[in-house]
Each structure stands twice: as structure tokens, then as C-alpha cells.
Amino acid sequence: MSYTKVHEMQALVEILEITKLDLHRLLIADHVPFDVSGKIAKERKTIADIEFLVHDIRVELALKDLKREYMQTYSLINIMNTLTV
């Protein structure tokens, strides 16, 4: 089964929400784990990495839409130019 970029982005957004929830739980925990600062730093890095991946996919999708729009406009202009006598 092949996944599209949209599916990949949706999955990353879901993972991002879970990671943010985990970070929130660490920040408000009554009984913090031994290495809480390390775990918080790890969660923040994970969030930053996932946000970067989501941004990258959004850029790819926007570029794909822009190329499609350009090609539609370009082909329409070519058709109009060939019809002009």
C-alpha cells in the first residue's frame, strides 16, 4: 500500500499531538521521573523534528499545487495563442 504525502502528513500531525501531550504530562507531573530534564529535552527535540517534517511536506504539496496551476495556465495560454490568427 503506498502512502501519499497527505497521508504521511496526517500521520505526522497525529504523532505530533501525542508527543505534545506527553511533554505536557511531563511538565505537570506530580511525581517526576529521575531524569525529567533529559526527557523534557528529548520530547522538545522530537517535537521540533516532527514540526520540521510536517513543514517540509507542506512545502512539497504547495509546490506541487503551484506547478499544476502553472501548467494549467501555460497550456491555456498556448491554446489561446494558437487560436489567434
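Residues are numbered from 1 along each chain as its sequence is written, and side-chain values use heavy atoms, with hydrogens and water left out. Because the model is predicted, local features need pLDDT of at least 70 and side-chain atom pairs count only at pLDDT 80 or more, while totals for chains, interfaces and linings use all residues.

Thr19 is part of helix H1, which spans residues 5-28; helices are DSSP runs of H or I with at least four residues, numbered from the N terminus. With a relative accessibility of 8%, Thr19 counts as buried. The class buried means under 20% relative accessible area, exposed means over 50%, and partly exposed lies in between (1.4 Å probe, protein chains only). A polar atom of the Thr19 side chain is 2.8 Å from the backbone oxygen of Ile15. A polar contact is a pair of N or O atoms within 3.5 Å; within protein, one atom must be able to donate a hydrogen and the other to accept it, and residues adjacent in sequence count only if both atoms are side-chain atoms. When residues up to four places away in sequence are not counted, Thr19 touches Glu43, Thr46, Ile47 and Ile50, where contact means heavy atoms within 4.5 Å.

A salt bridge is defined as a side-chain nitrogen of Lys or Arg within 4 Å of a carboxyl oxygen of Asp or Glu. By this rule there are five salt bridges. One of them joins the side chains of Lys5 and Glu8, at 3.7 Å from N to O. Lys5 and Glu8 are three residues apart in helix H1, so about one helical turn separates them. Lys5 is partly exposed at a relative accessible area of 33%, and Glu8 is also partly exposed, at 36%.

Another salt bridge is formed by the side chains of Lys20 and Glu51, at 3.6 Å from N to O. This pair links distant parts of the chain, since Lys20 lies in helix H1 and Glu51 in helix H2 (residues 36-83), 31 residues apart. Lys20 has a relative accessibility of 41% and is partly exposed; Glu51, at 38%, is likewise partly exposed.

Within helix H2, Asp65 and Arg68 are three residues apart, about one turn of the helix. Their side chains meet in a salt bridge of 2.8 Å, N to O. Asp65 is partly exposed at 38% relative accessible area, as is Arg68 at 45%.

Note on methods: Helices (H or I, at least four residues) and strands (E, at least two) are DSSP runs, numbered from the N terminus.
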